[in-house]
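Please open the model in your viewer and keep the selection panel at hand. The stops below say what to select next and what is there.

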Amino acid sequence: MKVLAVLVLCVTLGFSNTLDSCQGRCGYGTDSNYSCQCNPACERYNDCCSDYAAICKASTSCKGRCGESYNSQNECHCNSLCPQYNNCCSDYNELCYNAGGAVTDAEIKSISERLYSLDSNKASASVLVIDPQALVASSQTSSETDRSSKPLFSFLNENALFSKPTYAALLSVLDNYNRMTGQAENFSSQQLAEQDKFVRETMSNTQAENFSSQQLAEQDKFVRETMSNTQVGRELFAFLYNKGIYKSEEDFIQDLKMMWFGLYSRNNNQLDSSGFEHIFAGEIKGGKVSGFHNWIRFYLLEKSGKLNYYSHSFNGPWTTFPDVLGMQFMWDGYYKQVGSAVIGCSPEFDFAIYSLCYITRPGKQCHLSVGGSTLIIQTYTWDNSFYGDGKKFIGSAYPATP
C-alpha cells in the first residue's frame, strides 16, 4: 500500500505541473480540470496560473502561444487566422507558421539563397561597371541636388546580357506603358479575357486605348521566359508547389500574370496602373516619380539622356552583383527621392524575389538572404481592388533601407 501511495503521489505531482502552467493555454476559456486559468477572467477571479503574466498577458511574442484561441484582449495573436487579419505577433512566422502552405522566415532565407546561387544570367564585373559616386544621408535625399558629375552606369556589355531570352523579354514589355497616372492603360479584348471578372466589368465602362495582341503576347512571354524557362523560376515554383500554395505550374503562371499585370486605378478612377508598370517601368504621380525599382530600366533611360543620376543614400553590403542601391535621380523633369533597386541581377531573379515576397509576405517586410547577407524587400498590396478569390494586386515591392 505504501508503494502504491508513493506512485500515486508521484503521478499526481507530475500531472499537476502541467495543470499549473499557461504553456500552450493562453486565451482558452475556464476549465475546471485545471488547477489555474490562463484567460483574462482569471485576474478577476484571482485564479490565474503563476506564469500567466509572463506567457499570456499583453504578450507580444508567440512563445508558448502557437494555436491559441483568439482573445480580443491580447495585443497580438498566434493562431492560423492571424495572417488573414494582419494581427500576428512579430515572431509568429518564426515560431508558428510552419504547416499547410505556410512559409517561415527561415524557409524564405533558404529559398532566396538558392535562387541567388541559380542566377546564372546575372551580370559580372566584366560585363557591368557602376560608379555610385556621392553618398548622402537620408536627411538629404529630398534636396533635389545633383552631386554626381558622371552617370551611374559606367559600362554595360549589352550584347552579353540583352541577347539572353529573359532580358529580351523584359525589354519588349518595358515600353508598353503610359507613365502618367490618371490616364488609362487600354487593353484589347484579348487582354480583357486574361483579366478576372472584376477587371472585365470595370473595363466595360472605361474608355480604353488598345494594347495590341503583340503587346499582350509580350507580357505572357515575359512571365513564361522568366518563370518556366529558367532554373530560378522553376526553383521558385517547386518551392511554392511543395508548400501547397499552387496546384500546378499553369496555376502559378496565371496567378503571376494577374497579380503583376492586372489593372487598377492610382488616379482619377482610370485603370492606369499595375504592379509591373509601377515597379519595373516607373510612373509619374503628383509631379514625382512613383515606383521605378528596376536597374535595366534605369540604365536604358540614363543611356538615352532622359534620366540624370544625382546620388545614392544606401548601398548594399555585396562586393559583386547583384548589389543594392537607393538612388536619387531626375527623370525627364520628375524627381525620385529614393529609388531602390537590385543592381546587376537577371530579370528572372528580380521577378522571382519580388513575387516570392509578395506571395508569402503581402503588405509586409520580407527578409531574404542573398550571398550570406540580408536583403529586406518591402511589399504593399493594392487594397482598393481584388482579383480571384479575394486576392489583391501588387501595389509595390522594393528593397527597403537597411
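Begin by selecting Thr 379, which counts as buried because its relative accessibility is 0%, where buried means under 20% relative accessible area, exposed over 50% and partly exposed in between, with a 1.4 Å probe and protein chains only. Before going further, note that this is a predicted model, in which local features need pLDDT of at least 70 and side-chain atom pairs count only at pLDDT 80 or more, while totals for chains, interfaces and linings use all residues. Residues are numbered from 1 along each chain as its sequence is written, and side-chain values use heavy atoms, with hydrogens and water left out.

Thr 379 sits in strand E9 (residues 373-387); helices (H or I, at least four residues) and strands (E, at least two) are DSSP runs, numbered from the N terminus. Show its side chain together with Arg 361, whose backbone oxygen the side chain of Thr 379 reaches at 2.6 Å. Among the residues that Thr 379 touches, leaving aside those up to four places away in sequence, are Cys 357, Tyr 358, Pro 362 and Ser 396, contact meaning heavy atoms within 4.5 Å.

Next, select Trp 260, Trp 295, Ile 343 and Leu 368, which touch the most other members of the largest nonpolar core, a set of 81 residues. Such a core consists of buried Ala, Val, Leu, Ile, Met, Phe, Trp, Tyr and Cys residues joined through side-chain atoms within 4.5 Å. Helix H16 (residues 347-360) gives the most to this core, with 9 residues. Around Trp 260, not counting residues up to four places away in sequence, the contacts include Phe 276, Phe 280, Phe 351 and Ile 394.

Now turn to the rings, for which a search of the whole structure finds 27 aromatic pairs. Rings of Phe, Tyr and Trp (its six-membered ring) pair if their centres lie within 6.5 Å, and planes under 30 degrees apart count as stacked, over 60 as edge-to-face and the rest as tilted. Select Phe 222 and Phe 276, an edge-to-face pair at 5.5 Å centre to centre with 70 degrees between the planes. This pair joins distant parts of the chain, helix H11 (residues 213-227) and helix H14 (residues 275-281), across 54 residues.

Finally, select Phe 292 and Trp 331, whose ring centres are 5.2 Å apart and whose planes stand at 80 degrees, so the pair is edge-to-face. Phe 292 is buried, with a relative accessible area of 2%, and Trp 331 is buried with a value of 2%.

Definitions and conventions
Polar contact = N/O pair within 3.5 Å; in protein donor to acceptor, adjacent residues only side chain to side chain.
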